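Hi,

Here is the structure I promised to pass on. Have a look first, and my notes follow below.

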Amino acid sequence: MTPDYQRPPGTAWQVRLIQVFATVVVILVVFVGLTSVARRLGSGISNESTATSAVEPGREVQVVIAPGSPASVISVALADAGVIGATEEFEAEIRARGVADQLQAGVYTLITGTKFDLLIDTLVVGPAPADVYLVTVIEGLTIDEVLESLASPATPYTVEQLKAPLIDGTIDSPYLPEEAPEGSDELVRWEGLLAPDTYEFRVDASPAEIVGKMVDTLASRVSSTDWNRLDEMGLDAYDGLIIASL
């Protein structure tokens with residue numbers, strides 16, 4: 001008679017332990033998978049809420065975008081005005097659409113809380129026609145280069161039209177030399193006397209008003225500067241301007 005097979009002591013509880021362990025592993029795998037999905041979904045919800053959480057929707061605001069502003073600067077300007085609440089997400093959307101180099105400068109009237117896609121469409125098309133426009137004149141330009149940067153299409157005028165009020169005496173400056181250096185063009189007297197900056201002009205501003213505003217801005221800056229050290233060196237304010245531009 002063949003004896004009954006006897007399971008070695010301890011085998012039953014070991015098998016049971018393995019079954020329990022396997023069940024726990026399966027549960028953990030499922031839990032981790034569900035958590036990952038939840039996080040991805042939550043991230044999308046969080047980004048959307050971040051984009052609007054700091055925004056009071058429905059308000060009309062004006063935003064000025066200076067020429068040459070990158071997407072990062074535009075995003076900050078929109079956030080400061082309350083148009084958007086999340087600059088990083090807005091910049092990511094701009095990059096995703098590949099339009100970072102198509103965003104237009106200008107003065108925009110926007111509604112806070114506008115959806116990103118509509119907002120980007122607006123920036124690509126450019127601001128609605130208005131009664132003002134912006135012009136940026138960078139530092140380090142000669143007077144000829146300044147007038148070239150002001151000429152069409154930046155303004156409605158040619159270089160000659162912008163030059164005229166400087167030459168015919170329509171515009172004056174307390175720092176304008178009485179005479180140009182011998183053999184030089186009269187325009188040379190205006191070297192360094194038009195302040196670089198970003199300016200806002202009315203659409204009907206004349207050439208004299210455009211260059212005059214730049215001349216007045218420079219004169220205002222000079223008048224608020226302490227020139228005592230120049231006086232001690234036998235130099236005047238105009239000499240200081242020339243030195244500063246070098």
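Which residue in β2 is the bridge partner of Gln62? In β2, Thr109 takes that place. Before the rest, two words on the basis: this is a predicted model, in which local features need pLDDT of at least 70 and side-chain atom pairs count only at pLDDT 80 or more, while totals for chains, interfaces and linings use all residues. Residues are numbered from 1 along each chain as its sequence is written, and side-chain values use heavy atoms, with hydrogens and water left out.

Back to the strands. β1 (residues 60-65) and β2 (residues 106-111) run antiparallel and are joined by six bridges (strands pair if DSSP finds at least two bridges between them). One face of β1 is covered, with Val61, Val63 and Ile65, and the other, with Glu60, Gln62 and Val64, is uncovered.

Overall, the protein chain has nine helices and four strands, taken as DSSP runs and numbered from the N terminus (helices are H or I with at least four residues, strands E with at least two). From the N terminus, the order is α-β-α-α-β-α-β-α-α-β-α-α-α. Of the 246 residues in the protein chain, 30% are buried (under 20% relative accessible area, with a 1.4 Å probe and protein chains only; exposed is over 50% and partly exposed is in between).

Val211 is worth a click: leaving aside residues up to four places away in sequence, Val211 touches Leu147, Leu150, Leu162, Pro165, Leu166, Ile171 and Leu194 (contact means heavy atoms within 4.5 Å).

Finally, α5: Ile143, Val146, Leu147 and Leu150 are buried there. Seen down the helix axis, the buried residues of α5 fall within an arc of 95 degrees, so they line one face of the helix (the arc is that of the directions from the axis to the C-beta atoms). These buried residues of α5 pack against β3, α6 and α7.

Best wishes
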